Amino acid sequence: MTSIQGILIVGFVIAAIFAGIVFRAKLVYRLVALLLFLTATTLIIFPDLTTAIAHALGVGRGADLLLYVSLIAGIDAALLLYLRIRDLAQKITRLVRDVAVRDARKPGEE
């Protein structure tokens with residue numbers, strides 16, 4: 001094992017622990033984080049496996065395959081975050097509107 005592999009594995013262990021803390025109540029998210037951690041660790045320990053998978057899928061190099069997968073995952077994450085933010089903004093708007101209607105007063109009333 002090279003030093004970079006050790007550093008990467010330690011980094012992924014820290015990320016997996018952090019994900020376990022952040023997603024403590026959501027089992028599905030914790031399982032996804034664990035799956036990503038195990039996949040990343042496997043690909044770090046066996047880097048030639050990435051190239052073999054890339055060749056099986058018709059991609060020239062393993063690094064290119066990782067780039068493509070990362071690009072798709074990044075776009076997906078950005079879209080999910082956008083949808084979540086938009087949903088939260090709509091909920092806040094409804095809440096503010098409901099509070100304003102509930103607390104409305106007649107003119108001259110204080």
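Okay, let's start with the biggest space here: the largest pocket holds about 710 Å³. By pocket I mean an open set of points on a 1 Å grid over the protein atoms alone, where a 1.4 Å probe fits, with protein on both sides within 12 Å along at least five of seven lines; lining residues have an atom within 4 Å of a point. The volume is the space filled by probe spheres set on those points.

Quick caveats. This is a predicted model, so to speak of local features we need pLDDT of at least 70, and side-chain atom pairs count only at pLDDT 80 or more, while totals for linings use all residues. Numbering runs from 1 along each chain, and side-chain values use heavy atoms, with hydrogens and water left out.

Back to that pocket. Its lining has 24 residues, with V32, A33, L35, L36 and F37 nearest the centre. Helix α2 (27-45) is one of the contributors, and it gives the largest share, nine residues. By class, we get 21 nonpolar, three polar and no charged residues.

The second largest pocket is about 270 Å³. Y29 and R84 are among its lining residues, and α4 gives the most, six.

Last stop, Q5, in helix α1 (residues 3-22). Buried or exposed? Buried, because its relative accessibility is 13%, and the cut-off for buried is under 20%. Beyond four places in sequence, Q5 is in contact with I44, I45 and P47, contact being heavy atoms within 4.5 Å. A polar atom of the Q5 side chain sits 2.7 Å from the backbone oxygen of I44.

Definitions and conventions. Helices (H or I, at least four residues) and strands (E, at least two) are DSSP runs, numbered from the N terminus. Buried means under 20% relative accessible area, exposed over 50%, partly exposed in between (1.4 Å probe, protein chains only). A polar contact is a pair of N or O atoms within 3.5 Å; within protein, one must be able to donate a hydrogen and the other to accept it, and residues adjacent in sequence count only if both atoms are side-chain atoms. Ala, Val, Leu, Ile, Met, Phe, Trp, Tyr, Cys and Pro count as nonpolar, Asp, Glu, Lys and Arg as charged, and the others, Gly among them, as polar.
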